Amino acid sequence: EYMEASPGDREALLVPLREAMMAASSSTVGTNELFVKSEVKNIEVSAPPPIYTQAMISQQVTLPATSAKEAVLTTASGTMEDLKQAVAAMDSTTVTTLLQSGLELDEVTTAKAFWTVVSAVNRAEALDQPLSADVPVMLHHIFDADLKHLLTREQIRTNVTCMMPEEAGANRIGMNYIFDDSAHKDLPLQEGRRCEGGSCCDKCSRNIFPTFASNDDINFDVFPGLESLTFNELETVSAATILQFTRLVERVRRTIAREYGLPLSTILPLQAYSRKYVAGTTQQGGGGGEGDFVTLHTDEATHDGYHYSCVLYLSTQGEDFEGGNFVFNDPDPDVSNKVNEDDYELDYGSLEEAIRTAGRKFTPFSPTRGAAVIFSSGWENMHEVDKITSGVRHCVPCFFTTCPVPEAAYTQMHVGKPKTNEDIADDWLHLLLAHRKESMHESLGRVKELLMKWHMICTPLSEH
């Protein structure tokens, strides 16, 4: 019955099973583990894939995975078994107390906490009830744990000098600057961080996280629709997929805050969506459309509110597609940017390529499932995507701003800033988890409010 059901119906079929698992946990841990291993296989967390060892670029710093602390199994407030039982029972008060006492959510228990939240959301929707205030509290603990787990994995950082155009407003001097390789790469630059309207760090970098997400985090069978999700169209997307996508975006946001030493409250997503590139196609419309390459560009030139960028990969080069490298494209002071056109006679294709590459240094990254590239969005990080020669390449581009939300914007919302955990739960339901038909106008308004309130729904009241 499960295999024949639609993605939405599958979630409903799993609700009683997960409820039975939660009930079993209050009696014996052994019974709970039986349910986990034999029935709800999608909450098992596998070991991270092997460390990515390919040398990316010169003068980079490979940060070794942080040594995991020896697990604290008992505190004055309770034990790990107490924490696991509180997670299974959706007892956010006890979970909070135990975490404050020094216990930590390991990866397996974090996964169990996530599926407990999914069950609670599905149950509330099936019964047409409000979300419990326990839901956002548990999600906040999951987000905290996710970042701690990420810090135990490898990070490859390259520090770069922040750059900006010499001429004020040069990023709007014409469409050629944005879409034409030669016009873009030849723009005169000076050191500095533009960060229009925001409060960016004055340091810039580019970072590779080979295992930013595990295979379980981005499993298309467990999270149907993850590879095509957009916040504007959520009516038929399962609660599990919506929550997981939001969880991944929040993991990126917290990573940016830590990497650049910025208060988490100052960073908000401006755009995040799943995108696919398909060999042999031409992009139609905006950034979410299909296509088989991306021309050289700077994110902050594309949108002056883009201050930090990320691409999370959902597929692997060599398995799911060929070609499609993500490439940083930098000036090379040791190579001339002059091209003698007479050398190419009538070979215009080779001449065009020679002009494109003259005086440039290319740093390619071969995408793998679960890897992420995170970088400052200024002109120090011009980049492009090589043409895909076969297959389909899935990824999640995310763009973040440090521009503050005007206070007046909250007063214009149907419901303003949340004041209680119940208010935060209501925002989760209204802005993300309510499966309903919407007009384009309603959808745009909801997503705008979601992005402005992102920090408030993803952190506890004490951090607002």
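Author: What follows takes the terms one at a time and sets values against definitions.

Author: This is a predicted model, in which local features need pLDDT of at least 70, side-chain atom pairs count only at pLDDT 80 or more, and totals for chains, interfaces and linings use all residues. Residues are numbered from 1 along each chain as its sequence is written, and side-chain values use heavy atoms, with hydrogens and water left out.

Reader: What makes C162 and C204 a disulfide?

Author: A disulfide is a pair of cysteine sulfur atoms within 2.5 Å. The sulfurs of C162 and C204 are 1.9 Å apart, so the pair meets the definition.

Reader: Why is this disulfide of C162 and C204 called right-handed?

Author: The torsion about its S-S bond is about 110°, so the disulfide of C162 and C204 is right-handed.

Reader: Where in the chain do C162 and C204 sit?

Author: C162 is in the loop between β4 (155-160) and β5 (163-165), while C204 belongs to strand β7 (residues 204-209). They are 42 residues apart, and the pair links distant parts of the chain. Helices (H or I, at least four residues) and strands (E, at least two) are DSSP runs, numbered from the N terminus.

Reader: How do you know whether C162 is buried or exposed?

Author: Buried means under 20% relative accessible area, exposed over 50%, and partly exposed in between (1.4 Å probe, protein chains only). C162 has 6% relative accessibility, so C162 counts as buried. C204 has 3%, so C204 is buried as well.

Reader: How many disulfides does the structure hold?

Author: It holds two. The other joins C195 to C200, with 2.0 Å from S to S. It is right-handed, with 80° about the S-S bond, and both C195 and C200 are buried. With the bonded cysteines numbered in sequence order, the pairing is 1-4, 2-3.

Reader: What does E380 touch?

Author: Contact means heavy atoms within 4.5 Å. Not counting residues up to four places away in sequence, E380 touches several residues, including C162, M163 and C204. A polar atom of the E380 side chain lies 3.0 Å from the backbone nitrogen of M163. E380 itself is in the loop between β15 (372-376) and β16 (383-385).

Reader: What makes β15 largely enclosed?

Author: Five of the five residues of β15 are buried, so the rest of the structure largely encloses it. Both faces are covered, with A372, I374 and S376 on one side and V373 and F375 on the other.

Reader: How do you know which strands pair with β15?

Author: Two strands pair if DSSP finds at least two bridges between them. β7 and β15 have four bridges, in the antiparallel sense. Strand β11 (residues 308-313) is joined to β15 by five bridges, also antiparallel. V373 in β15 is the bridge partner of I208, and V373 is also the bridge partner of V311.

Reader: Why is F400 called buried?

Author: Its relative accessible area is 0%, so F400 is buried. F400 lies in strand β17 (residues 388-401), and its contacts include V249, I267 and Y308.

Reader: Why is the phi of M90 worth a remark?

Author: Most residues other than glycine have a negative phi. M90 is not a glycine, yet its phi is positive, about 55°. D128 also has a positive phi, near 55°. M90 has 9% relative accessibility, so M90 counts as buried, whereas D128 has 72% and is exposed.

Notes. A polar contact is a pair of N or O atoms within 3.5 Å; within protein, one must be able to donate a hydrogen and the other to accept it, and residues adjacent in sequence count only if both atoms are side-chain atoms.
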